[in-house]
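I opened the file today and kept notes as I went. The entries below follow the order in which I looked things up.

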Amino acid sequence: MEKQNSAAILLLKQATTLNIHTGNLVNWSRLKKKCPSSTSEELQGCIRETLSEWCTKIAPTLEKEAPSTLECTLTQATEAITPEEREELKVSVKLFLSGSEPSSIRIAVDLACSTLGVSQLDSVMIAPPPLPEGVSLTLEHLQPYWKELENLLQSHKIAAIGTSDLDKPLLEQLYMWAQVKPSSNQVNLASCCVMPPDLTAFAKEYDIQLLTHNDSKELITETSFQESVSEGVKDAVVADWSLEWVLRYSIIVKSRGIIKSKGYLVQAKRIRS
């Protein structure tokens, strides 16, 4: 085990991109034993456990050249969707951006499609990167990310696109500006116990579905991510790893309304000094 952990440390040290896939959390017996108190805690635990198990699968002796992109996946827990069952399933995604590059949306969507074995995601909801303290989200912040989503929709990688935590004025601005209109908007009920009447009225008028969520404003901080990696790969140097995005997916059986599969995809990049 010690040799395998050393090999994992070496791989992390030489890589420039880190992709983590938790596999299907529905199959995770360890999550059922300890119910996380929040989505942030769930994600941190998933990163830690996935990397810890990934370490055990590494050959202690690395004979080949180390890859620049590390794929840390629980393969036994990953279930690709077959063409026969695709019509019966709805694949929904929420994408939490940490970096500011809009192009990361396409990277995340492509990785989700290839991982889940589909050519198109049924819906993608976006949570823009956290802003500095005191800075409010504006249409100008949203526009480059929304354009990327529109491009993906027009190329049939996504069927519907939505937003998260927009108040009525900002949702209206986005709706009036966008070529492809938002089909949904998530509202955090922790910050507002009742749907704001003006938001409800606008959504009803323009046929925008209002959904609720309980995600943290920042799903995982850079520090928490690095801590989770260091707990998963003991003694690894993590200070130069920067989180790019977190993608949470759920696969629902349409006819029965039950979750068949859910999980996280995470990408981080090494910051070169």
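Which residues of H3 are buried? I kept in mind that this is a predicted model. My list for H3 reads Thr39, Ser40, Glu42, Leu43, Gly45, Cys46, Ile47, Thr50, Leu51, Glu53, Trp54 and Cys55.

**Entry: helix H3**

I checked the length of H3 next. The helix has 18 residues, 39-56. At 1.5 Å a residue it should span 26 Å, and its end C-alpha atoms are 26 Å apart, so the two values agree.

What does Ser40 touch, leaving aside its neighbours within four places in sequence? I found contacts with Ser216, Glu218 and Leu219.

**Entry: the whole chain**

I stepped back to the protein chain. It holds eight helices and nine strands. Its radius of gyration is 19 Å, close to the 19 Å from the globule rule for 273 residues, so the chain is as compact as a globular protein of that length. Along the principal axes, the C-alpha trace spans about 60 × 45 × 35 Å. Buried residues make up 48% of the 273. I also looked at contacts with a separation of 6 or more: 74% of them join residues 24 or more positions apart.

**Entry: the sheet**

In what order do the strands of the open sheet run? I read E2-E1-E9-E8-E3-E4-E5-E6-E7, nine strands with mixed pairing. E2 (69-73) and E7 are the edge strands, each pairing on one side only. Neighbouring strands are turned by 20° against each other on average, direction ignored.

I followed the pairing from E4 onward. E4 (residues 123-127) pairs with E5 in the parallel sense, over two bridges. Met125 stands opposite Gly162 in E5.

H4 (residues 103-116) touches E1 (17-21), E3 (89-97), E4, E8 (241-253) and E9 (258-270). The direction of H4 makes about 45° with that of E8. H8 (residues 222-232) packs on the sheet too, touching E1, E8 and E9. For H8, the angle with the direction of E8 is about 80°.

**Entry: strand E6**

Why do I call E6 largely enclosed by the rest of the structure? Five of the five residues of this strand, 184-188, are buried, so the description holds. In a regular strand the side chains alternate between the two faces of the sheet. I looked at the two sides here. Ser184, Gln186 and Asn188 point one way from E6, while Asn185 and Val187 point the other way. Residues on both sides are buried.

I then traced the partners of E6. E5 (residues 161-164) pairs with E6 in the parallel sense over three bridges. Within E6, Gln186 is the bridge partner of Ser164. From E5 the chain crosses through H6 (residues 168-177) to E6, and this β-α-β crossover is right-handed.

E7 (residues 209-213) also pairs with E6 in the parallel sense, here over five bridges.

How values were computed: Residues are numbered from 1 along each chain as its sequence is written. This is a predicted model: local features need pLDDT of at least 70, side-chain atom pairs count only at pLDDT 80 or more; totals for chains, interfaces and linings use all residues. Side-chain values use heavy atoms; hydrogens and water are left out. Helices (H or I, at least four residues) and strands (E, at least two) are DSSP runs, numbered from the N terminus. The expected span of a helix is 1.5 Å times one less than its number of residues. Buried means under 20% relative accessible area, exposed over 50%, partly exposed in between (1.4 Å probe, protein chains only). Two strands pair if DSSP finds at least two bridges between them. A crossover is right-handed if, with the strands pointing away from the viewer, the path from the first strand over the helix to the second runs clockwise. Axes are lines fitted to C-alpha atoms, for helices over the stretch in contact, and angles run from 0 to 180 degrees between N-to-C directions. Contact means heavy atoms within 4.5 Å. The radius of gyration is taken over C-alpha atoms; the globule rule is 2.2 Å times the number of residues to the power 0.38.
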